[in-house]
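Subject: Model handover: helix packing and salt bridges

Hello,

Here is the model we spoke about. Please open it alongside this note.

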Amino acid sequence: MSLALETTELGKRYGSTWALRDCSLAIPQGQVAALVGPNGAGKTTLLHLATGILGPTRGRVEVFGWSPHEQPLMVLARVGFVAQDHPLYRGFTVAEMLRVGRKLNPRWDEQIARGRLDRLGIGLEQRVGKLSGGQQAQVALVLALAKRPELLVLDEPVASLDPLARREFLQALMDAVAEDGLSVLLSSHILADLERVCDYLVILSASRVQLAGDIDGIVTNHRLLTGPRESADRVAAGQTIVQQRDSDRQSTLLVAGAEPVSDPAWLVENTSLEEIVLGYLGRPASDPGPAKRRLEVAS
């Protein structure tokens with residue numbers, strides 16, 4: 001299996017604080033991977049390490065088998081990056097932004113850039129600062145795609161967009177994936193968007209990878225158990241518990257794996273991707289949970 005991104009015990013420390021630590025994951029080529037986690041979990045740090053903006057304190061990160069920090073000439077031309085704030089020169093026209101792209105990127109494809117802008121109805125003579133937030137996001141995406149990357153890294157690119165602009169951005173992204181066979185790593189808080197466009201999931205929390213794998217496999221591998229609280233400890237003893245919620249009389253367990261439950265008082269249900277993500281993110285930061293036992297779902 002060829003990998004777009006691989007990290008091994010990757011860590012980044014600022015002074016005495018670890019922004020990311022013990023991060024080991026492998027994202028296959030051709031996947032559209034979602035990166036999910038609360039603010040401060042290390043998502044942006046991971047993306048900056050993957051694009052060579054930062055160098056690791058510990059461990060290793062490789063993109064297509066090369067280190068972005070140590071071997072940038074082998075990596076950076078193959079990676080496109082769109083940051084959350086869509087950094088563009090607001091005083092430039094769109095045509096001038098394309099000229100910047102041509103000068104900086106040896107694999108630049110002007111036909112891709114102009115064709116996408118034409119389909120979006122964004123004129124080359126328009127000033128970037130006069131465009132809407134959604135249009136600026138689209139221009140940033142066009143610039144990233146026109147360098148013909150093999151891996152596209154997106155750091156919450158739709159966070160500030162309204163629902164229509166978000167949908168248009170994601171549609172443009174999926175069109176590019178279908179046309180060019182890109183690998184994508186997309187960070188976002190909007191689970192509904194991720195479920196619609198992604199096929200691989202990485203959950204980061206407390207600066208560590210909590211779960212990584214194919215989304216269909218993850219959903220299949222998790223279940224929701226509901227039953228009497230007095231028997232919860234006995235039922236939980238045979239399960240890999242992600243999260244447990246208790247009321248006076250009832251317990252609800254989000255579990256990973258397929259251990260059978262023989263007690264007829266307990267209801268076993270399939271669960272949603274949103275429930276799974278929230279379950280992992282809702283655990284206390286001090287609880288390593290299944291991640292400590294390297295719970296990973298094979299793609």
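Below is what turned up on one helix pair and on the salt bridges.

First, a caveat: this is a predicted model.

Helix pair

Start with α3 (residues 94-104) and α4 (residues 110-120). They pack at an angle of about 155 degrees. Their axes lie 11 Å apart. An angle over 145 degrees counts as roughly antiparallel, and α3 and α4 are therefore roughly antiparallel to each other. The crossing of α3 past α4 is right-handed. From α3, the contact uses V94, L98 and R102. From α4, it uses E110, A113, R114 and L117. By class, that contact has four nonpolar and three charged residues, with no polar ones.

Two of the α4 contact residues, R114 and E110, also pair with each other. Their side chains form a salt bridge, N to O, at 2.8 Å. Both sit in α4, four residues apart, or about one turn of the helix. E110 has 18%. The cut-off for buried is under 20%, so E110 counts as buried.

Salt bridges

The whole structure holds 13 salt bridges.

R208 and D22 meet through their side chains at 3.4 Å, N to O. R208 belongs to strand β9 (residues 208-214), and D22 to strand β2 (residues 17-28). The pair therefore ties together parts that are 186 residues apart in sequence. R208 is partly exposed, with a relative accessible area of 33%. D22 is partly exposed too, at 40%.

R107 and E150 form another salt bridge, at 3.6 Å, N to O. R107 is in the loop between α3 and α4. E150 is in the loop between α5 (133-146) and β6 (151-155). Parts 43 residues apart in sequence are thus tied together by this pair. R107 is partly exposed, at 28% relative accessibility. E150 is also partly exposed, with a relative accessible area of 26%.

Finally, the network: salt bridges link R60, E62 and E70.

When you go through the model, I would begin with α3 and α4, then go to R107 in the loop between them. From there, follow its salt bridge across to E150.

Best wishes

Notes:
Residues are numbered from 1 along each chain as its sequence is written. This is a predicted model: local features need pLDDT of at least 70, side-chain atom pairs count only at pLDDT 80 or more; totals for chains, interfaces and linings use all residues. Side-chain values use heavy atoms; hydrogens and water are left out. Axes are lines fitted to C-alpha atoms, for helices over the stretch in contact, and angles run from 0 to 180 degrees between N-to-C directions. Angles under 35 degrees count as roughly parallel, over 145 as roughly antiparallel, 65 to 115 as roughly perpendicular and the rest as oblique. A crossing is left-handed if the near helix is turned anticlockwise from the far one by less than a right angle, and right-handed if clockwise. Contact means heavy atoms within 4.5 Å. Ala, Val, Leu, Ile, Met, Phe, Trp, Tyr, Cys and Pro count as nonpolar, Asp, Glu, Lys and Arg as charged, and the others, Gly among them, as polar. A salt bridge is a side-chain nitrogen of Lys or Arg within 4 Å of a carboxyl oxygen of Asp or Glu. Buried means under 20% relative accessible area, exposed over 50%, partly exposed in between (1.4 Å probe, protein chains only).
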